[in-house]
Amino acid sequence: MTRRPLILALVAVLTLAGLLAVFRQPLWDRLDLETKHRIVAAYSRLTARRVDTADTVAVSPQVPNRIGANVFLDQEVSIDDRHRSLTMLRAAGIGWIRQQIPWKDIERDAKGDYWDRKWNKDAWANYDNVVDLAHEYGIEVIARVDTSPEWSRPSREPGQEWHQAPPDRFEDYGDFLYTLASRYKGKIRAYQIWNEPNLAIEWGQQPPDPAEYTRLLRIAYARIKEADPDAIVLSAAMAPTIEESDRALNELLFLQQMYDDGARGAFDVLAVQAYGLRSGPDDLRLTSGDVNFSRTLVVRELMVKNGDAARPIWATEMGWNAPPAGYDGPAPYGSVSEPLQAKYTVRAFERARQEWPWMGVMAVWFFKLPEPWEGQPWYFFRMVSPDFRPYPVYDAIKAYAGPR
């Protein structure tokens, strides 16, 4: 009896495959997007290979609330808007925010110089306010610390300034992290070391370099732990990509090279970007020629193969892109309706809860921006409009998380 549902599903898929062979593209084109994704998910359940994710191995650290969101609170000029944002985040049951703290904005003009000469004020002040308010609202912070000030890159020629670049001396970055973690000890719970270094655009327009990123990570880990032994250190989340070039390197190859170069033990949590892009949250395909939500499984498999099963994965960005009706711009991140974005996001949280015991915080990309950026395709991942109007994804997460 237990095999009957599987047999029926197989018959259904084979029947549909036959119909598609007969009617070809016109039939497929008449299906709505969710139905297409359901068919792909059903097929993938029958064909996906088994992945060793060591689900019985206990992971640490663990956190009670795994719902997070990316924020840009530092860009909110009004303190009232920061309060309003945090009130909405807490009301939705969101326990974590991921907030960028750019090194270039704080240690601005010289090593040890924390004065903002443009506005004649303490360069820490803006971030002090963000961190203090998050602490006041009981929301934990993942500080994404990247970019580098110009003084830290004297080898760069004029005209080649690019803030998403590593410094010449990685020790300067380590010194800043020590200062940062000392200042916010007890208020910032976690630090993420850089962002997507497997992309040239995030690594100073240079070819991705796993060995150099690993060296940066090891220095960063040691200095943060020196300042705050209880802090959680996250690796950078790599951009999920199948590309292998000087512009982008498949994150699985990048991560394996990191392990080969001694990355194990230089982070407490391995971070990923868990986007759904052009498929639903239950698509189990691992080799479809595209990336999907299930790609996290092969990252976990790689960790297990490298003896790192006791560390969790956190998804520091995740979600589906939902341009408004009538949008005719580019959609490089896929496109779903706003109701489907809401449904898929909640399903992703629930699937992780049910199937991935090694998954910790999952942070939706993103909560809101102070101003609309509708010319940018990634803008439509948002949960809330600039004037605080919630989209269906916000309400769905709030209902899923329950009353707070």
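Helix H9 (251–260), strand E8 (270–275) and helix H10 (295–305) each supply at least two residues to the lining of the largest cavity. Helices here are DSSP runs of H or I with at least four residues, strands are runs of E with at least two, and both are numbered from the N terminus. E8 has the largest share of that lining, five residues. The largest cavity holds about 100 Å³ of space, and its lining has 14 residues, with Pro 240, Glu 251, Val 272, Gln 273 and Val 299 nearest its centre. By class, that makes nine nonpolar, three polar and two charged; Ala, Val, Leu, Ile, Met, Phe, Trp, Tyr, Cys and Pro count as nonpolar, Asp, Glu, Lys and Arg as charged, and the others, Gly among them, as polar.

A word on the ground rules. This is a predicted model, where local features need pLDDT of at least 70, side-chain atom pairs count only at pLDDT 80 or more, and totals for chains, interfaces and linings use all residues. Residues are numbered from 1 along each chain as its sequence is written, and side-chain values use heavy atoms, with hydrogens and water left out.

On a 1 Å grid over the protein atoms alone, a cavity is a set of points where a 1.4 Å probe fits but cannot get out, a pocket is an open set with protein on both sides within 12 Å along at least five of seven lines, and lining residues have an atom within 4 Å of a point. Points are joined across faces, edges and corners, and a volume is the space filled by probe spheres set on them.

The largest pocket has a volume of about 1,100 Å³. Of its 39 lining residues, Asn 195, Glu 196, Glu 202, Trp 365 and Trp 378 are the closest to the centre. Strand E1 (67–71), strand E2 (96–100) and helix H5 (103–106) are the elements giving two or more residues to this lining, and E2 gives the most, with three. The lining splits into 20 nonpolar, nine polar and ten charged residues.

The second largest pocket comes in at about 460 Å³. It has 18 lining residues, and Asp 74, Asp 116, Trp 119, Lys 121 and Asn 126 lie nearest its centre. H6 provides the largest share of this lining, four residues. Here the classes are six nonpolar, three polar and nine charged.
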